[in-house]
Amino acid sequence: MRLFRSIENARPQSGVIELRHDGETYRVQLRRVDTARRFILRVRGATRDAVLTMPRRASLKDAAEFAERNAAWVGVRLRRLPQQVGFVDGVVFPLRGAPTRIVHAPGARGVVWLTAGETGEQKLYVAGDGAHIDRRLRDWLKTQARIELVAAVGHYAQTIGKSMPPITLKDTTTRWGSCSASGALNFSWRLILAPTDVLKYLAAHEVCHLVHMNHSARFWKLCRSICPETDAAEAWLKAHGLDLYRYGAKRVGGATRPVTF
Ligand SMILES: [Zn+2]
């Protein structure tokens, strides 16, 4: 028993390897998976790192050697990812799917405000110290996301005869939205960057989980009946969803391409 435990301790279920190649350092998250038959390495766009899935009995030494052999591949894949864009003065990012330029207005009153631009590009003014643009803008975007998600969830919940569920906003990288067993809904605040139909669809999707806690044919039938944009929004998320993680200061942690549950 004790021996068994010490072997288990020597084989942690997860961990991180730092991979050095061509002057760059890459983070590789280790995931031990009971059903894995071999090493599988993949690069994650949302978190800009790599994950190495390992068979249960594989040694950390073999895992590290496998990662080392594939370091060049990891580097190429990470460099191919679209560049990250911070929330700073002059940057253009999508707000409700529309190109929006950040304009720092240090002397102005008010915190954040939006104006329509003459050329179709909206301008989002951010007052105060330039060092706080990122935080101030995130707070504003989260507030906007909350207002719109509360409205959309309220609408769809009423449509199917459910009471308003509690809503939490997070900066998730694994899911755009989720529904807990107790009926609380979670959403990524980054949905405010996507076209409004996509945000509304996510609200409808999670509300439908209040009826069906699965992705059965009945679930999709209900979702499409209350939200005709369901298929178009799913297609949009598959094609462009990862791009929403480029904006704002870099964050670490989480998993692969976000999906809805
Ligand atoms: Zn779902």
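Student: How many helices and strands does the secondary structure of the chain come to?
Tutor: This is a predicted model, in which local features need pLDDT of at least 70, side-chain atom pairs count only at pLDDT 80 or more, and totals for chains, interfaces and linings use all residues. Residues are numbered from 1 along each chain as its sequence is written. Helices (H or I, at least four residues) and strands (E, at least two) are DSSP runs, numbered from the N terminus. The chain has 7 helices and 11 strands.

Student: How many residues of α5 are buried?
Tutor: A residue is buried if 20 or more other C-beta atoms, placed from the backbone, lie within 10 Å of its own. In α5 these include V198, Y201 and C208. The helix is mostly covered, and of its 13 residues the number buried is 11.

Student: Which elements do the buried residues of α5 pack against?
Tutor: Contact here requires C-beta atoms, placed from the backbone, within 7 Å. The partners of the buried residues in α5 are α4 (133-159), β10 (177-179), β11 (185-188), α6 (217-226) and α7.

Student: Is α5 roughly parallel or roughly perpendicular to α7?
Tutor: Helix α5 (residues 196-208) packs on helix α7 (residues 230-240) at an angle of about 110 degrees, with the axes 9 Å apart. Axes are lines fitted to C-alpha atoms over the stretch in contact, and angles run from 0 to 180 degrees between N-to-C directions. Angles under 35 degrees count as roughly parallel, over 145 as roughly antiparallel, 65 to 115 as roughly perpendicular and the rest as oblique. So α5 is, relative to α7, roughly perpendicular.

Student: Which residues of α7 make the contact with α5?
Tutor: On the α5 side the contact is made by D197, V198 and Y201. On the α7 side the residues are T230, A232, A233, W236 and L237.

Student: Which residue in the turn between β7 and β8 has a positive phi?
Tutor: Strands pair if DSSP finds at least two bridges between them. β7 (residues 112-115) and β8 (residues 122-127) pair in the antiparallel sense over 4 bridges, and V112 has V126 as its bridge partner. The two strands form a hairpin with 6 residues between them, and the turn residue with a positive phi, of about 90 degrees, is G120.

Student: In which sense do β6 and β8 pair, parallel or antiparallel?
Tutor: β6 (residues 98-105) runs antiparallel to β5 (residues 92-95), joined by 4 bridges. With β8, A105 has A127 as its bridge partner. The β6 and β8 pairing extends over 6 bridges, and its sense is parallel.

Technical notes: Contact = placed C-beta atoms within 7 Å. Buried ≥ 20, exposed ≤ 12 C-beta atoms within 10 Å, placed from the backbone.
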